[in-house]
Each structure stands twice: as structure tokens, then as C-alpha cells.
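Subject: Structure for you to look at

Hello,

Here is the structure I said I would pass on. My notes on what was found in it follow below.

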Amino acid sequence: MALTLYVDTARWRAHHKHVQEQFPGLVPVCKGNGYGFGHERLAEEATRLGSDILAVGTTYEAARIKDFFSGDLLVLTPYRRGEEPVPLPDRVVRSVSSVDGVYGLVGARVVIEVMSSMKRHGISEQDLSQLHSAIENVRLEGFAIHLPLDRTDGSDAVEEVIGWMDRLRAARLPLHTMFVSHLKADELIRLQQQFPQTRFRARIGTRLWLGDHDATEYRGAVLDVTRVAKGDRFGYRQQKAASDGFLVVVAGGTSHGVGLEAPKALHGVMPRAKGVARAGLATVNRNLSPFVWGGKQRWFAEPPHMQVSILFVPSDAPEPTVGDELVAHLRHTTTQFDRLVDR
């Protein structure tokens, strides 16, 4: 009995090929929990796509994935002097976001990140004059720019990249390769047409692995079902059942990521109103679970346990039985499955 990730493998891989066709030379990204699939599986899929390079989040991830992927590994977290040294092969490429960082990587393969409107990290325009001497002692693989997802000011992502291309060209820095993130396919075409001597490589994770929502599905197996009457006490905190129904123990708890949610940016009145409503219900111990039964998301009977959740299913709904599986609406990047089943 497990929390299972089911993958419609043919459909999932067809989506990968479609994205690859839209973004020639794409750099698959495998970081965090491997977008819910795990590092080993995504390394296998990147190899299947014929990728010569795979982007990872940290040096620690690179150290784990190097045994599963034989091509180059691009570490996205910028190098900082004084960081813990991690033994890595020469095929690992380090991102750098400061002149000092470039000087600290003598002999290494590097990609230099420029500061975008994200304002997260990157070389500034004022730093460009210092790069000439700094890059003499490294193997420069190219520059990179990480763009925001939303552009609420109406600005143009392509124009932002063009601005940096012009600055780099004016500084007489090599422009053979530019790694980009969060561009649309037509935007990439515009850039490639304007700068035919530069190879633009899109780093893509979410759109590649999670872009077809119907290709994957989480399901939690029912482990136990107990009938309760209104007023019956149950659980760790011995709460009272609000009405007649069933306590359903289902695979999937906090160790899987169930009940854990990353903060979301809310846009518009309705999403904000729903957020306020959910917060209000939570104050009276009413929390909607990600599990679906009888066509409805069911409420947690109490906060999820480490490996299971207990749901309350009212008596007017079909009675679940041990062995049934409940669809679970879970976020891939915060979920750890027990097993993955290709079908």
C-alpha cells in the first residue's frame, strides 16, 4: 500500500520531444527532488533525449547525478569563495555571478550569469570592464540570464536579453553561447534571428517535465476504513466526529509532502478571497486534503501523520474499501512518492 506516481510514459515522452522541437539545443533542468520524478529518472530521460548537458541546482546534486548522466553537468547555484569543496569531474560547469567568483575558479569551466530584472544574482554592467582579465584563466562556456516568469510592467523579455547582448558586445566579450530561462519559443526564435552568431540554449525544467498535467497522476492507497457516528472521538487529539461517516486512512503523509505547501503568489480578487476562506477554515481545524473520493476533495479528519493521512468521508458518499486508490492533487516539486509506475 503506497503513495504512487503513475506516469503515462508514452504521452509524457511525447511532450518532451515536442518541447525539444520548440527549443533546439535545450538544456534539461534536474534539481530539487527531480521535479517529483527523482534525479536518476530525469537523468535517464535526458539521455533518451540525446542531451549533451543537464542542469542541476547544486554541487551536491551534481555529485549524485554524475553517476547517472554521462554528459556535461551545469550547476545553477553560483560559485562563492569559501564554499565547501565537493569532488566533481571536469565535465561539471560552474555558474558564476561575480568577478571575484571568476577569479576563484582558475582553470574551471564556467558560465557567467548577468543580472536580470529578477535582481537575484548576476554580473552588473559596471563589472563588465573587469571581466576581460578574469576570464583569461577560466574556460568560458558562455553567459546566462535568468528572467522573471511574470512581467507585470509590460516589458519585453526579448528586449531585456537584447540589452544584455548589446552590453556584452560593446564590452568586447565573447558571445558564442547564451543560456536563457523563461522564454517562449517564438521569443527564442526572435533572438536567434537577431544574433545568428550566438547559440541560445534554453534551460527548461517545469515546462519540460511537468508541462503535460494529464501525463501524470498521484494516487494514495486506502489502508483502513472505520465507520464513526456523530460525536465519536478519534485520532491523536481525540476530536469529535461532526457527523456520521467514515475515517479513511490513506497512504501519503508529511514525509511524502502531503499537507506541505509552498507559498503562492495570488493575483485577482477571487483567488485572494479563496485564500482568506481557507485560512479562516484552518483556524477551526477544517483543512481540505489533496485526496479525491466520490468526485470531491475530502477534508482531513486531523493533520496528516508522517506516512498516512486520515480523511473524513461523510455517510452520504460511497464507502471506500481497503485497496482503493484515491487521486491526490499534489505539487510535484514538494512530493516524494513511494513508488513510480509507468503505464
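Predicted model: local features only at pLDDT ≥ 70, side-chain atom pairs only at ≥ 80, totals over all residues.

Arg343 counts as exposed because its relative accessibility is 54%. The two are 126 residues apart in sequence: Glu217 sits in strand 10 (residues 216-228) and Arg343 in the segment after strand 18, so the bridge ties these parts together.

The count of salt bridges comes to 23. Two others are worth a look.

Asp342 and Arg41 form one of them, with the closest N and O atoms 2.8 Å apart. Asp342 belongs to strand 18 (residues 339-342) and Arg41 to helix 2 (residues 39-48), 301 residues apart. Asp342 is partly exposed, at 39% relative accessibility, whereas Arg41, at 13%, is buried. Both belong to a network of salt bridges with shared partners, which also takes in Arg13, Glu44, Glu45 and Arg48.

Arg201 and Asp52 form the other, at 2.8 Å from N to O. Arg201 is in strand 9 (residues 199-204), and Asp52 is in the loop between helix 2 and strand 3 (53-56), 149 residues away. Arg201 is buried at 6% relative accessibility, and Asp52 is partly exposed at 43%.

On the domains: the assignment gives domain 1 (8-210) and domain 2 (216-342). Their C-alpha centres are 38 Å apart. At the interface, 8 residues of domain 1 are in contact with 10 residues of domain 2. The two domains bury about 780 Å² between them, and 53% of that is on carbon and sulfur atoms. Asn33, Gly36 and Phe37 supply 46% of the area that domain 1 buries against domain 2, more than any other three residues. Across this interface there is 1 salt bridge, and there are 6 residue pairs in polar contact.

The largest nonpolar core has 91 residues, of which Phe37, Ile112, Leu131, Phe143 and Phe200 touch the most other members. Leaving aside residues up to four places away in sequence, Ile112 touches Val96, Val102, Ile123, Leu131, Ile135, Leu140, Gly142, Phe143 and Ala144. A second, separate core has 9 residues, among them Val228, Phe234, Leu247 and Phe312.

Regards

Terms used:
Residues numbered from 1 in each chain as written. Heavy atoms only, no water. Core = buried A, V, L, I, M, F, W, Y, C linked by side-chain atoms within 4.5 Å. Buried < 20%, exposed > 50% of the residue type's maximum accessible area, 1.4 Å probe, protein only. Contact = heavy atoms within 4.5 Å. Domains from an automatic or database assignment. Buried area = accessible area lost by both parts, 1.4 Å probe. Salt bridge = Lys/Arg side-chain N within 4 Å of Asp/Glu carboxyl O. Polar contact = N/O pair within 3.5 Å; in protein donor to acceptor, adjacent residues only side chain to side chain. Helix = DSSP H or I, 4+ residues; strand = E, 2+ residues; numbered from the N terminus.
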